[in-house]
Amino acid sequence: MGRKSYVLSFYRSATFNLPGVVFLLSFSFLLTGISAQPNRDSAKTITINAIGGLQYDLVRFSVKPGSEVKLILTNKDDMKHNMLITVPGARMAVVNAALQMGNMGEKKSYIPAMDEILWSIPLLEPGESKTLSFTAPQKEGVYPYVCTYPGHGQVMYGAMYVTRKEMPPLKDDIHVPPVAGAHKGDVHIHDNKDFAEQKRAAPYLYRIFLPGASPAAIAVRLSDSLSYCWDAGTCRLRYAWYGGFLDNTDIWKGHHDAYGTIMGTIFYRDKTNFPIHIDHPGNIPVVQFKGYRLVNKYPEFHYTLDGIDVYELIKPGEKGVALIRTFRVPQTERILWFLFDNDDGVSYQASKGDRQGNKVRLSPSDAKEFTITMAKN
Amino acid sequence: MRRFVFYIISLTIYFFSGCHNKKESVEQPTDSYIVETISTPEGVKAEIGALTFLSDGRLVVCFLRGEVMIYDPRSREWSLFAEGLHEPLGIMAISASEFLIMQRPELTRVKDTDGDGVADLFETVTDDFGITGNYHEFNYGPVIDKEGNIFIALNSGSSGGDIQPEVRGRLDTTGRDNHGKEMYSVVPYRGWVMKLTPDGQLLPYASGFRSPNGIGFDADGHLLVTENQGDWVGTSKLFHIQEGNFYGHPGSLIWRKGWNRGNPFYLPVEALDSMRTRAAVLFPQNIIANSPTQPVCDMTNGKFGPYSGQLFVGEMNSGRLVRVVLETVNGTLQGACIPFIDGKGLRKGINRLAFAPDGSLWVGQAAYGWGGDNGIQRIRFTGKQPVDIYDMHLTDKGFDLSFTQALDKSAALSQNNYRLKHYYYEYHKKYGSERMDEQEVLINKITLTPDGKKLSLTIDSLKAGYVYQLDLGDLRTIGGDTLANHLICYTVNQLRVEKE
């Protein structure tokens with residue numbers, strides 16, 4: 001990549017290592033030739049996808065010495081990836097050699113001419129798939145596979161175990177990328193130091209993708225056992241849960257679609273078409289999110305309904321699993337209706353207004369400030 | 001002219017400081033630039049989404065997991081200003097207690113209203129654009145022009161991901177190639193640069209962006225955006241953004257006012273090609289940069305070395321920055337790119353850059369699932385003038401190259417020290433392009449000005465639409481110092497019709 005490697009190819013381009021490539025090809029033919037048995041039907045099929053986040057979705061597999069292997073690599077990422085299978089311990093040497101290819105690298109799919117490379121699948125475009133058939137080495141060992149596209153090889157790799165025995169436990173496996181290994185055992189290992197994993201005092205919040213909401217979701221830790229999802233895209237409380245808060249490990253890996261994982265039990269989900277109607281039930285307002293203010297660290301959301309300013313602050317109930325929602329509508333001449341569904345998991349109490357079944361009618365003066373208490377059934 | 005005066009000044013400074021330093025050569029720094037690593041706070045993943053400086057010298061940092069923290073370089077202490085933001089990727093300071101921050105769902109005013117040093121107000125400045133939850137719909141900016149307009153850039157969605165069951169904004173899948181693997185725009189203004197007027201209206205400004213992870217202005221106020229190599233982007237590049245233009249990635253076209261041509265991915269390539277505006281500067285893949293990021297303009301008046309008024313662009317894929325020099329030819333902005341730093345402890349993954357009031361350049365790194373490092377580094381000019389290409393200009397016969405120091409004449413006039421080639425990149429839906437029609441270009445004549453600082457290369461023929469890559473060999477100063485960088489790539493869009 002750098003100038004050094006560039007200068008190298010600059011002055012030596014005439015003698016670029018073509019014989020090496022030929023040698024490599026004949027070497028791998030030789031290898032396959034010696035041990036190949038014409039018995040493709042019994043080949044073990046391994047399917048690996050290159051996925052977002054510079055990773056193979058399969059970080060290891062095992063095959064028996066001398067057995068037939070059919071490896072299908074599909075690139076499901078949005079950037080190019082290849083796969084090189086090397087002799088044991090040669091992963092970084094191969095990665096570094098690929099880096100040194102400089103200008104020539106792309107043309108040669110970042111497959112350097114080296115004896116350490118046993119088999120390879122060239123660079124695949126996004127969506128492309130290629131199959132590699134080969135005979136596993138007779139010699140038992142851990143044969144790395146790696147993507148040698150510049151920048152990928154440090155993290156994008158896996159291990160082919162050639163063995164008759166069981167593979168070691170994944171979490172102890174030093175031949176797979178650290179995250180992959182740690183994740184099977186304990187998802188929190190790598191995030192111990194992060195804010196989300198610290199024992200921290202509620203309330204606090206994360207704006208993050210959450211299931212069951214628009215992508216403009218906000219997760220609020222309300223108390224040490226109560227949390228809710230408020231949706232800034234639709235300006236409404238979507239659901240609430242008790243238990244743990246969130247596990248953001250997956251989404252924080254980056255470079256792939258993911259949600260924060262709810263670490264508790266959802267006890268309430270809004271089932272109305274919208275909880276506040278204006279003038280008369282059925283008149284759903286046009287919403288606009290305006291932001292929030294932290295009041296003793298609790299967010300007070302600000303949004304407009306048909307242009308009317310509404311402020312909503314949610315606090316935990318004093319006993320049991322309950323939410324106390326305080327609404328403020330400082331300036332309106334219009335009647336507001338608060339609606340709920342009888343089967344949404346909670347029972348309702350309104351501090352003001354005229355309750356009519358599953359509706360509460362709020363006059364402009366009621367609406368100046370009112371609370372809706374929602375207690376888990 | 002201004003540049004010429006600057007030369008004389010810097011030459012004078014160099015001359016005197018050079019003489020002076022001879023007596024105390026022990027203290028003469030060996031490098032022109034030093035890279036220092038800044039320790040980031042315990043417990044916060046140091047993926048840097050945004051950097052800016054306060055006028056008092058404090059650094060404000062957005063971390064991708066949502067924290068906004070302030071670092072005081074004097075005490076080396078960090079304090080938390082805000083948290084919980086959704087993937088903040090841009091920041092602009094209004095004051096020491098108020099910032100505009102670009103996060104995933106919106107542009108937000110984050111403000112400390114009670115003076116306790118911690119933000120308590122998060123006001124939505126604009127969320128008038130769509131989001132689908134696709135991981136790649138990053139948002140960039142804000143940057144502000146002289147009239148007070150704010151610009152942001154919205155990434156297209158990735159074919160490596162999908163959309164969530166619920167999206168924000170009107171869903172229209174016409175902006176997606178169902179047969180291809182291209183990135184897409186299925187909610188309004190993904191793949192656009194947007195303008196937020198001082199009265200708060202968010203207006204579509206320019207279309208055709210795939211992954212514009214870098215937006216900024218040059219010294220003359222031109223709005224610039226970097227683009228990453230991929231589908232419809234043969235190699236990474238720097239665009240000069242002008243209102244109404246289309247910059248090449250098709251999906252975003254469906255949000256053009258009055259668009260009636262159906263799925264833009266199915267238009268003939270020739271039609272799309274004729275609509276698009278070409279890049280001011282191409283960054284050849286694997287030669288200059290693979291993932292360019294934020295452009296910043298050196299307005300330090302020499303505190304950061306001899307490159308005042310030039311641009312520095314982050315690059316995620318290697319431990320280097322890219323320096324960009326621009327000029328206007330036939331009314332069109334074009335120019336050249338040059339590696340800067342390259343190694344010296346500079347880590348990969350450079351996502352954001354900011355000049356400190358003291359003239360040092362701070363860079364923030366973020367791997368975020370791609371290859372790279374995390375953290376913050378500071379690049380400091382030591383005062384030792386680098387030996388470097390200063391800039392490159394197109395002439396009617398070839399190129400003029402200026403250098404920061406006088407070159408040794410015999411080396412400078414030796415044909416063996418130059419290798420010039422040209423190539424172009426194909427515009428197509430495929431991911432990236434090979435270098436097409438890559439050919440050596442013969443240099444017919446080399447001349448050096450008497451001051452030893454300006455080379456003129458005369459070449460056979462110049463072609464528009466090509467990158468001219470010049471590799472310099474063993475050029476050196478009269479004192480024997482060698483060049484810091486040996487490579488420069490000039491993108492020729494326009495030819496000079498006659499000598500100016």
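Guide: In this predicted model, let us begin with a sheet of chain B, an open one of eight strands, whose order is β18-β19-β20-β21-β32-β31-β27-β28 and whose pairing is antiparallel.

Visitor: What makes β18 and β28 of chain B the edge strands?

Guide: Strands β18 (292-297) and β28 (435-441) of chain B each pair on one side only, and that is what the term edge strand expresses here.

Visitor: Why is B:Leu455 called buried?

Guide: The cut-off for a buried residue is 20 or more other C-beta atoms within 10 Å, and B:Leu455 has 23 such neighbours, so it counts as buried. B:Leu455 belongs to strand β30 (residues 454-459) of chain B, and, apart from neighbours within four places in sequence, it is in contact with B:Asp400, B:Leu401, B:Ala412, B:Ile446 and B:Leu448.

Visitor: What makes you say that the buried residues of α3 in chain A line one face of the helix?

Guide: In helix α3 (residues 91-99) of chain A, the buried residues are A:Arg91, A:Val94, A:Val95, A:Ala98 and A:Leu99. Looking down the axis of α3(A), one finds these buried residues within an arc of 145°, and therefore they line one face. As a general rule, an α-helix has 3.6 residues a turn, so residues three or four places apart point the same way.

Visitor: How do you know that chains A and B touch, and which part of chain B gives the largest share of its touching side?

Guide: There are 54 residues of chain B in contact with 53 residues of chain A. On the side of chain B that touches chain A, strand β9 (residues 121-126) of chain B provides the largest share, with four residues, and the residues of that side divide into 15 nonpolar, 23 polar and 16 charged.

Visitor: What makes β16 of chain A and β9(B) a pair across the two chains?

Guide: Three bridges join strand β16 (residues 287-295) of chain A to β9(B), against a requirement of at least two, so these antiparallel strands pair. Here A:Arg293 stands opposite B:Leu121 in β9(B).

Key. Residues are numbered from 1 along each chain as its sequence is written. Chains are lettered from A and ligands numbered from 1 in the order in which they are written. This is a predicted model: local features need pLDDT of at least 70, side-chain atom pairs count only at pLDDT 80 or more; totals for chains, interfaces and linings use all residues. A residue is buried if 20 or more other C-beta atoms lie within 10 Å of its own, exposed if 12 or fewer, and partly exposed in between; C-beta atoms are placed from the backbone. The arc is that of the directions from the helix axis to the C-beta atoms. Two residues are in contact if their C-beta atoms, placed from the backbone, lie within 7 Å. Ala, Val, Leu, Ile, Met, Phe, Trp, Tyr, Cys and Pro count as nonpolar, Asp, Glu, Lys and Arg as charged, and the others, Gly among them, as polar.
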